[in-house]
Amino acid sequence: MLIRGEQDEDAPTVAAIVSAAFDDGGVVARLVEALRKLLIESQGCSLVAEVDGEIVGHVMFTPALLDAPRELVTVQVLSPLAVAPSHQRTGVGTQLVEAGLTEMREAGVSVVFLEGSPLYYGRFGFTPGGDQGFRKPSLRTPDAAFQALRLAAWEPWMTGTLVYPHAFWEADAVGLRPPDARG
């Protein structure tokens with residue numbers, strides 16, 4: 001398996017993988033498109049996994065803000081992680097997350113946040129953000145799903161509220177909504 005940075009020509013394949021992995025009417029695929037623009041303007045990464053020359057997975061790490069009492073801190077949000085259904089449970093997601101976290105450590109990022117399964121992301125060291133002094137950005141986000149991983153650059157004063165970039169709100173991709181709420 002090859003993990004590499006996403007290239008412009010990968011966008012249609014990534015959109016297809018994201019759409020297949022998330023049965024959500026295209027919400028997450030639109031989010032990925034909007035987040036790409038943020039990556040052009042600032043730090044973060046968008047990685048793909050290739051198996052036999054075929055892209056089978058994708059992950060993004062996008063800058064966000066931590067509204068800490070002392071000052072705003074740039075942090076990262078792991079979202080989304082998508083693996084083609086034919087390659088799920090084969091280690092693709094694990095390798096994408098590990099590669100992205102390595103890039104975040106090397107970039108001196110202090111905290112990585114996500115909304116996701118504690119069972120899945122716990123293996124990487126993510127734990128509930130509330131237990132670490134962080135506040136979730138939306139009441140719609142289940143407490144257990146709001147997770148954080150403090151990296152070496154984290155300092156004890158770095159607590160507070162996660163503030164997502166506008167793209168997450170515009171895509172309505174924050175927290176949970178009842179299935180019938182999206183029209």
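## Basis and overall dimensions

A residue is called buried when its relative accessible area is under 20%, exposed when it is over 50%, and partly exposed in between, using a 1.4 Å probe and protein chains only. By that criterion, 48% of the 183 residues of the chain count as buried. The model is a predicted one, in which local features need pLDDT of at least 70 and side-chain atom pairs count only at pLDDT 80 or more, while totals for chains, interfaces and linings use all residues. Residues are numbered from 1 along each chain as its sequence is written, and side-chain values use heavy atoms, with hydrogens and water left out.

The radius of gyration, taken over C-alpha atoms, is compared with a globule rule of 2.2 Å times the number of residues to the power 0.38; for 183 residues a compact globule would have a value near 16 Å, and the chain, at 16 Å, agrees with this. The C-alpha trace spans about 45 × 40 × 30 Å along its principal axes. Where contact means heavy atoms within 4.5 Å, 68% of the contacts between residues at least 6 apart in sequence join residues at least 24 apart.

## Secondary structure and strand pairing

Helices (H or I, at least four residues) and strands (E, at least two) are DSSP runs numbered from the N terminus, and the chain holds 5 helices and 9 strands. Their order along the sequence is β-α-α-β-β-β-α-β-α-β-β-β-β-α.

Two strands are said to pair if DSSP finds at least two bridges between them. Strands β3 and β4 form a hairpin with 4 residues between them, and their antiparallel pairing extends over 10 bridges, with V75 of β4 as the bridge partner of A64. On the other hand, β4 and β5 run parallel and are joined by 2 bridges, and here Q76 has V112 of β5 as its bridge partner. From β4 the chain crosses through helix α3 (residues 92-106) to β5 in a right-handed β-α-β crossover, a term meaning that, with the strands pointing away from the viewer, the path from the first strand over the helix to the second runs clockwise. Because 10 of its 12 residues are buried, β4 is largely enclosed by the rest of the structure.

## Nonpolar cores

A nonpolar core is a set of buried Ala, Val, Leu, Ile, Met, Phe, Trp, Tyr and Cys residues joined through side-chain atoms within 4.5 Å. The largest one has 33 residues, of which V75, F113 and L162 touch the most other members. At least two residues each come from α1 (11-21), α2 (27-41), β3 (54-67), β4 (72-83), β5 (111-115), β8 (146-150) and α5 (166-170), and α2 supplies the largest share, 6 residues. Another core, of 22 residues, lies apart from it and includes C45, L78, L81 and M104.

Leaving aside neighbours within four places in sequence, V75 is in contact with residues including A64, V111, F113 and L162.

L114 is found in strand β5 and is buried, with a relative accessible area of 1%. Residues up to four places away in sequence aside, L114 touches L78, Y121, F126, A145, F146 and Q147. The C-alpha atoms of L114 and Q76 are 8.7 Å apart in space, although the two residues are 38 apart in sequence.

T141 has its place in the loop between β7 (134-135) and β8 and is buried, with a relative accessible area of 1%. Its side chain is joined to that of E115 by a polar contact of 3.3 Å, a polar contact being a pair of N or O atoms within 3.5 Å, where within protein one must be able to donate a hydrogen and the other to accept it, and residues adjacent in sequence count only if both atoms are side-chain atoms.
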